[in-house]
Amino acid sequence: MDDVELRLPDDVRLHVDVSGPADAELTVIMLHGWTLDGRSWHRQLTHLRERFADRLRLVTYDARGHGRSSCLALRDATLAQLGDDLAAVVDEVAPSGPVVLVGHSMGGMTVMEYAHRHPDRFAARTAGLVFVSTTAEGHTHTAYGLSPRITRLIRLAETTGAGVLARCGGWRPPHALLRALRPSIRWMLFGDRCDPADIRLVTSAVARATLRSIGGFRASIGAQHRLDTLAALGQLPAAALVGDRDRLTPPPCAQSIASALPTAELTVCPGGGHMLMMERPDEVNGAVTGVLDRVLAGPATKRPSTRRRAAA
């Protein structure tokens, strides 16, 4: 795997990991969620290398303010900026050939923003989409699995806290605090099953995110609405996955994506939470592989209509 440092026009540096031949048939770019980093996709990367070998060029990167990428100005902590960053990544690491975009949570919202802000470039390059535990409707459906009254109180506290954190610059969360918060992280992000190694990975990713990115992106994430953008994408092979215990982007989020994007196959994972690529790697790997197989088969492949599939 090659490490690439991509310097953006505003001098932010993105850490990009690339593997596979430059002349591969297809490039797959995988985008992580809010406060996470590119390591989120390690199980999918392993599977895709074994399944497709040199047919794929695989790309992950740490969003600005996350992981090994540099900090950002507060005014740039928006999904719009992340959409522009994705356009720059595509131009740099996949200047030609078809691209499949796989986004988790904020990463999926970034893909939608790229399609909204750069429609011609998106249409010319994008061959398939996979949305994992994400939404096109901001916080419309986010209730944390709690009563409406408690949800309103949590959202108020979260919004207030995000504003404070956003002004803390490039500082990162103290490790001792994150260790204390592990039970809360486990409750918020995971469903019925959780490998302790996954909690450790998530906690270490949060520890590498700047407080500005943790707080700064909250407003943009809560306000985004891109169902119309999805509805205009036509016949792209696509998949949408969600866990029925997801407290952040519950099933109605994925259902609305699948309704707006009629080619999308919807998979609902019983007992799954927000971190499906870790909790349910076989289902996520299968959905990504399904989209890749359809893309590699060429345009003559029949596109399936939307159908709901429950994963065991």
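Q: Is Asp11 buried, partly exposed or exposed, and what is its relative accessible area?
A: This is a predicted model. In it, Asp11 is partly exposed, with a relative accessible area of 48%.

Q: Where is Asp11?
A: Asp11 sits in the loop between strand S1 (2–7) and strand S2 (13–19).

Q: What about the phi of Asp11?
A: Asp11 is not a glycine, yet its phi is positive, about 75°.

Q: And which loop holds Thr35?
A: The loop between strand S3 (26–31) and helix H1 (42–52). Thr35 also has a positive phi, about 70°, and is not a glycine.

Q: Is Thr35 buried or exposed?
A: Thr35 is buried. Its relative accessible area is 15%, and the cut-off for buried is under 20%.

Q: Let's zoom out. How many helices and strands are there in the chain?
A: The chain has 14 helices and nine strands.

Q: What share of the residues count as buried?
A: Of 312 residues, 56% count as buried. The chain exposes about 12900 Å², and carbon and sulfur atoms supply 55% of that area.

Q: How far apart in sequence are the contacting residues?
A: Take contacts between residues at least 6 apart in sequence. Of these, 81% join residues at least 24 apart.

Q: What about the largest nonpolar core, how many residues has it?
A: The largest nonpolar core has 41 residues. Those with the most contacts inside it are Leu48, Leu56, Val102, Val130, Val202, Met275 and Leu292. A second, separate core has 40 residues, including Val93, Val111, Ala254 and Leu266.

Q: What does Val130 touch?
A: Leaving out residues up to four places away in sequence, Val130 touches Leu101, Val102, Gly103, Ala239, Leu241, Ala287, Val288 and Val291.

Q: Why is helix H12 largely enclosed?
A: Helix H12 (residues 251–260) is largely enclosed by the rest of the structure because seven of its ten residues are buried. They are Pro251, Cys253, Ala254, Ser256, Ile257, Ala258 and Ala260.

Q: What do those buried residues of H12 pack against?
A: They pack against H3, strand S6 (126–132), helix H11 (227–231), strand S7 (238–243) and strand S8 (264–269).

Q: New topic: how many cavities of 30 Å³ or more does the structure hold?
A: One. About 70 Å³ of space lies in the largest cavity.

Q: Which residues line the largest cavity?
A: Leu31, His32, Tyr61, Ala63, Leu82, Met106, Gly107 and Thr110. By class, that lining has five nonpolar, three polar and no charged residues.

Q: Which helix gives the largest share of that lining?
A: Helix H3 (residues 106–117), with three residues.

How values were computed:
Residues are numbered from 1 along each chain as its sequence is written. This is a predicted model: local features need pLDDT of at least 70, side-chain atom pairs count only at pLDDT 80 or more; totals for chains, interfaces and linings use all residues. Side-chain values use heavy atoms; hydrogens and water are left out. Helices (H or I, at least four residues) and strands (E, at least two) are DSSP runs, numbered from the N terminus. Buried means under 20% relative accessible area, exposed over 50%, partly exposed in between (1.4 Å probe, protein chains only). Contact means heavy atoms within 4.5 Å. Accessible areas come from the Shrake-Rupley method with a 1.4 Å probe; for residues, only the protein chains shown count as cover. A nonpolar core is a set of buried Ala, Val, Leu, Ile, Met, Phe, Trp, Tyr and Cys residues joined through side-chain atoms within 4.5 Å. On a 1 Å grid over the protein atoms alone, a cavity is a set of points where a 1.4 Å probe fits but cannot get out, and a pocket is an open set with protein on both sides within 12 Å along at least five of seven lines; lining residues have an atom within 4 Å of a point. Grid points are joined across faces, edges and corners, and a volume is the space filled by probe spheres set on the points. Ala, Val, Leu, Ile, Met, Phe, Trp, Tyr, Cys and Pro count as nonpolar, Asp, Glu, Lys and Arg as charged, and the others, Gly among them, as polar.
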